[in-house]
Amino acid sequence: MTTLKSKLQEDLNSAIKARDELRSSTLRLTLAAITKEEVAGKEKRELSDDEVTKVITREAKKRREAADAFAQGGRPEQSEREKAEGEVLAAYLPKPLSDEELHQIVAQAVEEAKAAGAEGPRAMGAVMKIVNPKVAGQAEGGRVAAVVKKLLAG
């Protein structure tokens, strides 16, 4: 078992013992998503910590989107629950990059892409290929794409 998955399992057990309903239900759903990912495809496999982090990131994003939808739908108590679940999952994710750090990484990638001959807005794909592995799990794709567009335009 990967270290991150076993940490989730241990935290689930302690949350159950502490009768922490929010934490235990959130961790149960996340572990179920990880298991679903492991058995997807032709044969069962063990996920690496990076793959587990991607699953947790996806689950956290679902919580944020659901919280927004509930808030717009006039259900603040359900929105608060989704936000709380998102905070539980955030503890297992790497610290998100600040705007400053993201800007530096993208600027460096734009320079690399220009050195390789990519110019203007068409260089977007080349820059994203360089940036994505560096910011994996630390910044959302939409946020990264916005910074890339801004730097390529300017």
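## Glu65 and Lys61

Glu65 is partly exposed, with a relative accessible area of 47%; buried means under 20% relative accessible area, exposed over 50% and partly exposed in between, with a 1.4 Å probe and protein chains only. Lys61, at 40% relative accessibility, also counts as partly exposed. Glu65 and Lys61 form a salt bridge whose closest N and O atoms are 4.0 Å apart. The term salt bridge stands for a side-chain nitrogen of Lys or Arg within 4 Å of a carboxyl oxygen of Asp or Glu. Both residues lie in helix 3, 4 residues apart, about one turn of the helix. Helices are DSSP runs of H or I with at least four residues, numbered from the N terminus.

## Basis of the model

The model is predicted: local features need pLDDT of at least 70 and side-chain atom pairs count only at pLDDT 80 or more, while totals for chains, interfaces and linings use all residues. Residues are numbered from 1 along each chain as its sequence is written, and side-chain values use heavy atoms, with hydrogens and water left out.

## Other salt bridges

A search of the whole structure gives 13 salt bridges. Side chains of opposite charge can pair when their charged atoms come close. One of the pairs is Glu59 with Arg63, where the closest N and O atoms are 3.1 Å apart. Glu59 and Arg63 both belong to helix 3 (residues 49–72) and are 4 residues apart, about one turn of the helix. Glu59 is buried at 7% relative accessibility, and Arg63 is buried with a relative accessible area of 6%.

Glu21 and Arg81 meet through their side chains in a salt bridge of 3.0 Å, N to O. This pair links distant parts of the chain, with Glu21 in helix 2 and Arg81 in helix 4 (residues 76–90), 60 residues apart. Glu21 has a relative accessible area of 47% and is partly exposed; Arg81 is partly exposed at 26%. Glu21, Arg81, Glu59 and Arg63 belong to a network of salt bridges that also links Lys62 and Glu85.

## Helix 1 against helix 2

Helix 1 (residues 3–17) packs with helix 2 (residues 21–39) at an angle of about 150°, and their axes are 9 Å apart. This makes helix 1 roughly antiparallel to helix 2. Axes are lines fitted to C-alpha atoms, for helices over the stretch in contact, and angles run from 0 to 180 degrees between N-to-C directions; angles over 145 degrees count as roughly antiparallel.

On the helix 1 side, the contact (heavy atoms within 4.5 Å) is made by Lys5, Leu8, Gln9, Asp11, Leu12, Ala15 and Ile16. Helix 2 contributes Arg23, Ser24, Leu27, Arg28, Thr30, Leu31, Ile34 and Glu38.

## Arg19 in the loop

Arg19 sits in the loop between helix 1 and helix 2. Its phi is near 55°, a positive value in a residue other than glycine. Most residues other than glycine have a negative phi. Arg19 is exposed, with a relative accessible area of 75%.

## Ala67 in helix 3

Ala67 lies in helix 3 and counts as buried at 3% relative accessibility. Not counting residues up to four places away in sequence, Ala67 touches Ser79, Glu82 and Lys83. The C-alpha atoms of Ala67 and Lys134 are separated by 28 Å, and these two residues are 67 residues apart along the chain.

How values were computed
Helices (H or I, at least four residues) and strands (E, at least two) are DSSP runs, numbered from the N terminus. Angles under 35 degrees count as roughly parallel, over 145 as roughly antiparallel, 65 to 115 as roughly perpendicular and the rest as oblique.
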